[in-house]
Amino acid sequence: DSKQRREAEVRSLLDKLKPEMIALDPDTIGGIEESNKFARLERQRDIEDEANARKDAEGQVKKKEKKKMRGRSKIQKKLKRKQKNIVDEGVIKLREAREKEKAEKAAEKQRQ
């Protein structure tokens with residue numbers, strides 16, 4: 001049901017488009033997709049670079065995004081998680097100190 005609804009929406013949007021707005025590259029029609037992942041990515045980058053160069057030439061510059069300080073950003077959480085996984089000398093010393101404290105507490109409990 002949701003697929004039908006989605007297809008109907010796509011069809012209605014395509015009907016709104018003027019045929020002049022749809023442009024196909026005659027070089028790619030009838031061509032074979034390259035199976036090499038790197039070549040495909042390189043071609044995609046080239047196309048993006050050309051489009052960006054055209055935008056810059058036309059004077060269309062990217063707008064600055066507003067900084068919204070509401071809530072916590074997902075990027076901040078990711079960075080904290082990455083920082084948490086970093087193991088260096090200080091972290092190792094802290095872990096050893098915690099283990100010693102736990103061992104001492106366990107020894108005290110056994111004595112009592």
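Which residues form a negative surface patch?

Reply: This is a predicted model, in which local features need pLDDT of at least 70 and side-chain atom pairs count only at pLDDT 80 or more, while totals for chains, interfaces and linings use all residues. Residues are numbered from 1 along each chain as its sequence is written, and side-chain values use heavy atoms, without hydrogens and water.

The negative surface patch is formed by Asp-46, Glu-48, Asp-49 and Glu-50. In a patch, residues have over 30% relative accessible area and no salt bridge, and like charges are joined within 9 Å. A salt bridge is a side-chain nitrogen of Lys or Arg within 4 Å of a carboxyl oxygen of Asp or Glu. Asp and Glu count as negative, Lys and Arg as positive.

Glu-48 belongs to helix H2, residues 37-58; a helix is a DSSP run (H or I) of at least four residues, numbered from the N terminus. Because its relative accessibility is 41%, Glu-48 counts as partly exposed; buried means under 20%, exposed over 50%, and partly exposed in between, with a 1.4 Å probe and protein chains only.

A patch of positive charge also lies on the surface, gathering Lys-74, Lys-77, Lys-78, Arg-81 and Lys-82. Arg-81 is in helix H3, residues 74-85, and it counts as exposed because its relative accessibility is 51%.

Of its 112 residues, 0% count as buried.

Conventions:
Patches are made of residues with over 30% relative accessible area and no salt bridge: like charges are joined within 9 Å, nonpolar side chains (Val, Leu, Ile, Met, Phe, Trp, Tyr) within 5 Å. Accessible areas come from the Shrake-Rupley method with a 1.4 Å probe; for residues, only the protein chains shown count as cover. The place of a charge is taken as NZ of Lys, CZ of Arg, CG of Asp or CD of Glu. Helices (H or I, at least four residues) and strands (E, at least two) are DSSP runs, numbered from the N terminus.
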